[in-house]
Amino acid sequence: MAEVFVEASHEQISTLDEPVKDTLLRDLKAIGRKMVVVVYPPFGDDRELREWDLWGPLLLCLLLAIILAVKAGQDQKALVFSAVFLWVWLGAAVVTLNAKFLGSTISFFQTVCVMGYCLTPLFLGALLVLVIPIFFINLVIVMATWAWSCWASLRFFRGSTVPQREMLVLYPVALFFFFGAWMILVGL
């Protein structure tokens, strides 16, 4: 009996034995697939976001914080970078706890993962706002990326709780992304 267990355990793939380069490439491909699910759903599978990870949200948070810090004044760069980090992680945690308290069936880390990956449209909008100096064009870009982020997260949250409480779950999500869109527009 012990021999069967040993043989079966050797058949499983162990990530501890693989080179670091292979692990990083596998994780980057998974991040890319999850971003595709958010950015262009017909090319991805919504089930991809059910397998949570925090690497992609961390990467998006870092990139968004860097972009907003670049836009900030010289004496405000560190404050803006910190504010973006605080907003993303604390805000995602609050939205997640709200969903869980309202009876959501998805796990805490799945929700944080989805909230993080749904920052992708806002990140793309922040890149455009960085290079386009016209306020009204930036306003349209930020509004469109806010709606895009809300829509992307709506696809995931819809059906995760009873229909009577669905709007109570979705309102804080829209508010979370609105605050990010506002930070991008005013260029904290």
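Glu 166 is placed in helix H8, where helices (DSSP runs of H or I, at least four residues) and strands (runs of E, at least two) are numbered from the N terminus. This glutamate is buried, with a relative accessible area of 16%; the term buried denotes under 20% relative accessible area, exposed over 50%, and partly exposed the range in between, computed with a 1.4 Å probe on protein chains only. When residues up to four places away in sequence are not counted, Glu 166 touches Arg 158, Gly 159 and Thr 161, a contact being defined by heavy atoms within 4.5 Å.

The model is a predicted one, in which local features need pLDDT of at least 70 and side-chain atom pairs count only at pLDDT 80 or more, whereas totals for chains, interfaces and linings use all residues. Residues are numbered from 1 along each chain as its sequence is written, and side-chain values use heavy atoms, with hydrogens and water left out.

The secondary structure of the protein comprises eight helices and zero strands, and the pattern read along the sequence is accordingly given as α-α-α-α-α-α-α-α. Of the 188 residues in the protein, 38% are buried. Among the contacts with a separation of 6 or more, 70% are accounted for by residues 24 or more positions apart.

The UniProt record, in an unreviewed entry, places the feature "transmembrane region" at residues 54-72, 79-102, 122-148 and 168-185; these positions are given in the numbering used here, feature names are shortened, and annotations may be inferred rather than shown by experiment. In the model, residues 54-72 are 89% helix and 0% strand, with end C-alpha atoms 27 Å apart. The span of residues 168-185 is 100% helix and 0% strand, and its end C-alpha atoms lie 26 Å apart.

Helix H5 is mostly covered, with eight of its ten residues buried. The buried residues of H5 are Gln 110, Thr 111, Val 112, Cys 113, Val 114, Met 115, Gly 116 and Tyr 117, and what covers them includes H2, H3, H4, H6, H7 and H8.

A search of the whole structure finds zero disulfides, a disulfide being a pair of cysteine sulfur atoms within 2.5 Å. Cys 113 is in no disulfide, and the nearest cysteine sulfur, that of Cys 118, is 8.9 Å away. Cys 113 is buried, with a relative accessible area of 0%, and Cys 61 is buried, with a relative accessible area of 0%.

The structure holds nine aromatic pairs, where rings of Phe, Tyr and Trp (its six-membered ring) pair if their centres lie within 6.5 Å, and planes under 30 degrees apart count as stacked, over 60 as edge-to-face and the rest as tilted. One of these pairs, formed by Trp 52 and Phe 109, is stacked, at 4.7 Å centre to centre and with 20° between the planes. This pair links distant parts of the chain, 57 residues apart, with Trp 52 in the loop between helix H2 (20-39) and helix H3 (55-71) and Phe 109 in helix H5 (residues 108-117). Trp 52 is partly exposed at 42% relative accessibility, and Phe 109 is partly exposed with a relative accessible area of 38%.

Trp 146 and Phe 178 form an edge-to-face pair, 6.3 Å centre to centre with 85° between the planes. Distant parts of the chain are linked by this pair, Trp 146 lying in helix H7 (residues 135-157) and Phe 178 in helix H8 (residues 166-186), 32 residues apart. Both residues are partly exposed, Trp 146 with a relative accessible area of 28% and Phe 178 with one of 47%.
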